[in-house]
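Okay, thanks for coming, everyone.

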Amino acid sequence: MEKDLNNLRKAMDSSTHKGIHFTESHKEKIRAAVYRENLAVKKKPKLSIYLITTLAASLFVLLFYTNIIDNLSINKNNIQGTNQRLANEWEVRYHYSRNGKTLFSVFPDPYLYAGKTFGYMISFKEPFEKYKGKKLEIFAIHKETGERVKVLPSTKITEPSSGYTSLGRFTTRLLIPKGGLWRYEFYFNNKLYGDVVLEVRDESTLPVNIPNFVQRRDFEKIDWNRRAVNLGNHIMGNENKSGVIGADKPSLGINQKWMWLLWGIENPKETKVTVVGFHRETQTVHQILTAGWSIGLGGENKGADAHAPSSVNLPQSGEWAIILYVDGKIFDILVYNITH
């Protein structure tokens, strides 16, 4: 056994295992390598990295916040603009303008009401080439119900209005089915061109206490061009028919004295005159006599066959047609322009 061990030692001494393999120099190199590796793992990032990271984060937050504020501001402005548009959307207007320029105006029949076809005159302002060959359609939208109806079928524009170089006097007839506020939308080749808002009255919109013989169709007989004239003696009226003393100096909203004078009345003391006021702009009917719709007549005065003193109250300025009825029939119509 001892002999075998000695032989093994001799063999190992003669091999690569002979001698010292890990010298102090080797050990120092190994320790240095391990130390450098630990330093690489434990070394903290430089300050500049922190600064760059912090700056990038700050910029992100700033941009994000600014974007939110801008969006909120835009949304707020949009909402305010929408509210303003909606607030004005249903105000009565006869003209449509864009960028401060009027594109068209609408002039309906002054006696316009629902359920009947009435004439409209539309004055388009742009050169005729803007409309030539295009198809015009008009839709009407009812404010209260939202109902939308086509009131003018597709109409091709082929020539200017008679006597005009453009569509300065385009005329048509339209029927609106019910009373209320209506927005008329104008389309050329299926593209919205503009709109107006008109008030359409119901045929039945007469004061409930008005005499039965007064009919809505009576107001269609008004000739707004036949104005009352000065007949002398402070009388404003229609010669040899009727007139008023006091109409030349009216006062609005207060009771004032008017003297009615009528010609052609045979038995004035047995006759009553009914007075109905019609305001052109609002298309409304008014009782202007403070004592009622009718008053009795007296005898001759100021050259007229009959007269009647009265108290009158006109609620607003503008053009007025005053229809006089005698024995339930229209006797005369006085047209005044009341400015104060």
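Predicted model: local features only at pLDDT ≥ 70, side-chain atom pairs only at ≥ 80, totals over all residues.

Quick definition before the sheet: two strands count as paired if DSSP finds at least two bridges between them. Strands themselves are DSSP runs of E with at least two residues, numbered from the N terminus. Residues are numbered from 1 along each chain as its sequence is written, and side-chain values use heavy atoms, with hydrogens and water left out.

Five strands make an open sheet, ordered 9-10-11-12-16, with antiparallel pairing. Strand 9 (229-232) and strand 16 (306-312) sit at the edges with a single partner strand each, so one side of each has no neighbour in the sheet. Is strand 16 mostly covered or uncovered? Mostly covered: five of its seven residues are buried, and buried here means under 20% relative accessible area, with exposed over 50% and partly exposed in between (1.4 Å probe, protein chains only).

Next, charges. A salt bridge here is a side-chain nitrogen of Lys or Arg within 4 Å of a carboxyl oxygen of Asp or Glu, and the whole structure has twelve of them. One joins Glu-220 to Lys-116, with the closest N and O atoms 3.1 Å apart. Glu-220 is in the loop between strand 8 and strand 9, and Lys-116 is in the loop between strand 2 and strand 3 (117-124), so this pair ties together parts 104 residues apart in sequence. Glu-220 is partly exposed at 31% relative accessibility, and Lys-116 is partly exposed at 33%.

Compare the bridge between Glu-185 and Arg-183, at 3.6 Å, N to O: Glu-185 and Arg-183 are both buried. Those two also belong to a salt-bridge network with Glu-89, Arg-93, Arg-148 and Asp-195.

One more pair: Glu-199 bridges to Arg-201 at 3.5 Å between the closest N and O atoms. Glu-199 is partly exposed at 40%, while Arg-201 counts as buried at 18%.

Note on methods. Helix = DSSP H or I, 4+ residues; strand = E, 2+ residues; numbered from the N terminus.
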